[in-house]
Amino acid sequence: MRHPPHSSRPWLRATIPPPMRLNAHATAALSVLRLAVIASSIGCSSSAISQAPAAKPAPPPIEFLGAWGTKGTGPGLLGNPRSVATDTFGDVFIADAGTPTRFVHKFKRDGHPLLSFEPLAAIHNPCGAAVDSGGAIYILECGAGALYLFFPDGTLMHGIRGGLTAPAKPSSVAVDDAGRIYVTDARTKRILMYSSRGRLLGSLNANGQFKADQIATGPNGDIFVCDSSRNWIARISSDGAVQKEWNVAVQTVGENERCFLAVTKNSVVVLRESNSTPVLHIFSYEGVEKFAGAISGFDPFLTNVTAVGIAAIGDGEFFILDATAPRVLRFRLNVQ
């Protein structure tokens, strides 16, 4: 059956609407709508661009991250802290000559206690502490002249006395990545070097060209020493040769001047104290000063500080042991 042409079917023509024609205002509105849909489909809009967050300001060269420590005479408490050290995991160790009980404490970097053990009754003046890459703990007894090695759980491994008894006056201890142990002798101006098992290998600076009363080890076998009597810092090799030396600028020089030092992955942190005014100096390994300033300038909380030690972690955090409170002051080093 053949159908008649459309013209003969008026009911069909009525169902097909004529083409829509838009006026100028409608055409402009449709264009804006299309642009918005396109921008939305690619995840971008003018409002998102205008609300982009501003760039964060650069952090200060040194940040004070807070302090921790509770005064007391039991495990995890600070009675009379004398020295501080860190391990490769960033944990903090403190040798405490508290009365009546002496302790060696281990804390997380935020102050959470991990371990406390009573080292030895013979340790009266724990003037130095160090931790090697395997977790062994070294406590230097400066009064009687001895170095005691402990397993990571606090069990005594053995003691070293060779070269440390009178007339020697041991003052600090450090361990390098190869396990060699270094003890400074402030009286004879020697640096005694021992194997990881405690065998005396010899002494550095045997001719007494400088007095190293504080010592720290860095990467690549470098050793850093501080001569407090003349505010002198040096980087020496494992055979005692001076690679680089420089002085720390001071306002006044007196017999009560003391300096402590620690090493991060790219900086030497020197803490100089005189008349209860600790001042921080940050140097490159070549002796270029990056920062200098009193720690009291970081926070009003940092007044009346008596620094007795400093230790650092490779990632740039460092810790100052304050015997006055007592407490541990935690900082982050941001300079490169």
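Me: Which residue in E15 is the bridge partner of Gln214?
Reply: The partner of Gln214 is Cys226 in E15. This is a predicted model, where local features need pLDDT of at least 70 and side-chain atom pairs count only at pLDDT 80 or more, while totals for chains, interfaces and linings use all residues. Residues are numbered from 1 along each chain as its sequence is written, and side-chain values use heavy atoms, with hydrogens and water left out.

Me: OK, and how many bridges join strand E14 to E15?
Reply: Four bridges join E14 (residues 214-217) to E15, and the two run antiparallel. Strands (E) are DSSP runs of at least two residues, helices (H or I) of at least four, both numbered from the N terminus. Two strands pair if DSSP finds at least two bridges between them.

Me: What about E15 and strand E16?
Reply: Those two also run antiparallel, with five bridges joining E15 to E16 (residues 232-236). Asp227 stands opposite Trp232 in E16.

Me: Which residues take a positive phi in these hairpins?
Reply: In the hairpin of E14 and E15, with five residues between the strands, Asn220 has a positive phi near 65 degrees. In the hairpin of E15 and E16, with four residues between the strands, Asn231 has one near 50 degrees.

Me: Is E15 mostly covered or open?
Reply: Mostly covered: five of the five residues in E15 (223-227) are buried. Buried means under 20% relative accessible area, exposed means over 50%, and partly exposed is in between (1.4 Å probe, protein chains only). Ile223, Val225 and Asp227 are on one side and Phe224 and Cys226 on the other, and both faces are covered. In a regular strand the side chains alternate between the two faces of the sheet.

Me: What does Asp227 form a salt bridge with?
Reply: With Arg230, and the closest N and O atoms are 3.0 Å apart. A salt bridge is a side-chain nitrogen of Lys or Arg within 4 Å of a carboxyl oxygen of Asp or Glu. Asp227 is buried at 2% relative accessible area, whereas Arg230 is partly exposed at 39%.

Me: How many salt bridges are there in the whole structure?
Reply: A search finds 14. One of them joins Arg109 and Glu317, with the closest N and O atoms 3.3 Å apart. Arg109 lies in the loop between strands E4 (103-107) and E5 (113-117) and Glu317 in strand E23 (317-322), so this pair ties together parts that are 208 residues apart in sequence.

Me: Which residues are linked with Arg109 and Glu317 in a network?
Reply: The salt-bridge network also includes Glu63, Asp315, Arg330 and Arg332.

Me: Changing topic: how many cavities of 30 Å³ or more does the structure hold?
Reply: One. On a 1 Å grid over the protein atoms alone, a cavity is a set of points where a 1.4 Å probe fits but cannot get out, and lining residues have an atom within 4 Å of a point. The volume is the space filled by probe spheres set on the points, which are joined across faces, edges and corners. The largest cavity holds about 30 Å³.

Me: What lines the largest cavity?
Reply: Among the lining residues are Ala95, Asp96, Phe103 and Ile139. Strands E3 (92-96) and E4 each supply at least two lining residues.

Technical notes: 1 Å grid on protein atoms, 1.4 Å probe; cavity = no way out; pocket = protein on both sides within 12 Å on 5 of 7 lines; lining within 4 Å.
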